[in-house]
Amino acid sequence: MIQLCNIGKVYDNGAPALHDINLKIPSGDFVYITGSSGAGKSTLLRLLYCADRPSRGQILMGERNITRLRPRSVALLRREIGFVFQDFKLLNKRTVFENVALPLQVQGLAKQEIQSRVYQLLQYVGLEYKLQRKPLELSGGEQQRVAIARAMIVRPRVLLADEPTGNLDSDLAIEIMEMFTRINHEGTTVLLATHDRELLDRFPRRTIVLKGGHIVSDTLPQTAEETPSKEEAI
Amino acid sequence: MERLRYFLQRTLLSMRQTPLLSGATIGTVAIALMLLSFFTLIVFNVQNLTRQWSRDIQVIVYLDRIPSNSVLEQWCQEITKLPAVETVHYVSQAEAFERFRKRLGQNDDLLDGLMPEILPASLEIALREEARTQRGAEELVELLSRNSTFSDFRYGQEWLERYDAFMFLLRLTGTLAGGFLIFATLFIISNTIKLTIYARRDELEILSLIGATPFFIKAPFLAEGAFQGAIGALLALGGCHVLYYFFLKKGLAALLTTAAAQNISFLPTWMQVAVLGLGLTLGLAGSMLPLRKFVRM
Ligand SMILES: Nc1ncnc2c1ncn2[C@@H]1O[C@H](COP(=O)(O)OP(=O)(O)OP(=O)(O)O)[C@@H](O)[C@H]1O
Ligand SMILES: [Mg+2]
């Protein structure tokens, strides 16, 4: 369960990004956050990841209040969360393999386990032939898949994805969405920021619309249970 | 274990990736520590030599009357017990006369026909090293003058005064110059390492974003700093050795007018270890300072 109470965010330069956000997201949910550019989608996700602190209000994740965590606790929290960044944030000097392995290395897992898990996941996102490439030698879509793989490698309880399909053609976007659906079925809460209407229509889910930092609507899909992805997944 | 290997790998890799900056850090440490060790070496040797001179510092008590053997023995025992005293030596009138004759050398015929009784007997009191200062000597004299039979003291007042001032100046200059050098080095190193960190700030950010603890992020940089500091210190010691053998040994000997160059020595082992430790600490502190700014989250 993720809960936001009266969240407001004003950036240091004075730009207001979020106003009075109240939100409850039960564990295991799959939620879209949408809205036009500059509406505050990325800001909202960044707050959940403790990449920024809210200017006001409280954020609860499970039993924990994550509003004012110490640096070490932030680090431990992030190990339970996967984040796909809008700008990927890959290490351009390291290979695809090393990039995906990094979160596990940080946690001090054994080399063999890291290797097998990374290889499996890269296979899963279709990049097993490019593990020794550097990110800048890949296409935008391939980089995005590396970023997604890195977020999923820790088997997170919560997956936050900021425009994860922004650089993908619609076939690939659908594949990625199916991947997300699958890990959602395995119990991971997924929050996905996107302004891809096609995607919203194709995989209808609970959708939160932001505008100018306010929530303007929060709707469940009409056909609540039946999602087209379900058959295709598995 | 995995982590240790990871840190080592990262450290070496990063030094290979930024050889110029690593070189600059090592060079800074090396030059600063070389200056420092060189200066220490000089101070150390000067101090050593003056310590040898200071063996001559003693308090002499001239005795008006010749004490009986038992009284003399008691005095000697009492004086030896004083904390500032190393040894007490009784110089009889005959011994004083004999010394005087020797000092006169060829002119000793001047003394012919004189009785040894013309010179007073005395107690020569050698001081322990820590008491070989003007104050030490004065305090001892004050203690001794409680015995009313002791009234005539000699202890080279003027010489001691100058010796004290000289040692004070030497230590003061050493401490000031050393402190200044250390701060300057710290400043330069932390700025150089800041550049290294700046060149890799994306990596720091990403590591932090994927759940690396602050320690995990900092450790490779700290290890790098410490390692570079230690290498710099080793280079400094090596350079100092070279300078020492080719220039300093003869130069110092000439300067201090000591006959034998073997009185000049290189820094003792503990000081060399201290220089190494100092380099390591400088590197560590030099990377800790800028890291505090970059790794906040
Ligand atoms: N680091 C920052 N410093 C100052 N202002 C910022 C910062 N990041 C975002 N903003 C501002 O906050 C507002 C919300 O930005 P945010 O990135 O959350 O929008 P978004 O919904 O993700 O947009 P997009 O769809 O283009 O990614 C914008 O007006 C933006 O200018
Ligand atoms: Mg955004």
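This is a predicted model: local features need pLDDT of at least 70, side-chain atom pairs count only at pLDDT 80 or more; totals for chains, interfaces and linings use all residues.
**Entry 1: the magnesium ion**

I began with ligand 2, the magnesium ion, and asked which residues coordinate it. I found A:Ser42, through OG, and A:Gln86, through OE1. The distances run from 1.8 to 2.4 Å. I then looked up where the two sit in chain A. A:Ser42 belongs to helix α1, residues 41–48. A:Gln86 is in the loop between β6 (81–84) and α3 (96–106). The two residues are 44 apart, so I noted the pair as a link between distant parts of the chain.

Next I checked accessibility. A:Ser42 is partly exposed at a relative accessible area of 22%. That value counts as partly exposed because buried means under 20%. A:Gln86 is also listed as partly exposed, with 41%.

**Entry 2: chain A against chain B**

I turned to the interface. How many residues does each chain bring to the contact? Chain A gives 24 and chain B gives 22. The two chains bury about 2,100 Å² between them. Carbon and sulfur atoms carry 59% of that area. On the chain A side, I looked for the residues that lose the most area to chain B, and they are A:Arg78, A:Arg94 and A:Val106. Together they account for 25% of what that side buries.

The interface holds 2 salt bridges. One of them joins the side chains of A:Arg94 and B:Glu203, at 2.6 Å from N to O. Which elements of chain A give two or more residues to the side touching chain B? They are α2 (71–78) and α3. By class, that side has 13 nonpolar, 3 polar and 8 charged residues.

**Entry 3: positive phi**

A:Asp20 has a phi of about 45 degrees. I located A:Asp20 in strand β2, residues 16–25 of chain A. For A:Glu163, phi is near 50 degrees. A:Glu163 lies in the loop between β7 (158–162) and α6 (170–185) of chain A.

Is each of these residues buried, partly exposed or exposed? A:Asp20 is partly exposed, with a relative accessible area of 46%. A:Glu163 is buried, at 8%.

Terms used
Residues are numbered from 1 along each chain as its sequence is written. Chains are lettered from A and ligands numbered from 1 in the order in which they are written. Side-chain values use heavy atoms; hydrogens and water are left out. Donors are N, O and S atoms within 2.8 Å of the metal (3.2 Å for Na, K and Ca); water is not among the atoms, so sites may look incomplete. Helices (H or I, at least four residues) and strands (E, at least two) are DSSP runs, numbered from the N terminus. Buried means under 20% relative accessible area, exposed over 50%, partly exposed in between (1.4 Å probe, protein chains only). Contact means heavy atoms within 4.5 Å. Buried area is the accessible area (1.4 Å probe) that two parts lose on being put together, summed over both. A salt bridge is a side-chain nitrogen of Lys or Arg within 4 Å of a carboxyl oxygen of Asp or Glu. Ala, Val, Leu, Ile, Met, Phe, Trp, Tyr, Cys and Pro count as nonpolar, Asp, Glu, Lys and Arg as charged, and the others, Gly among them, as polar.
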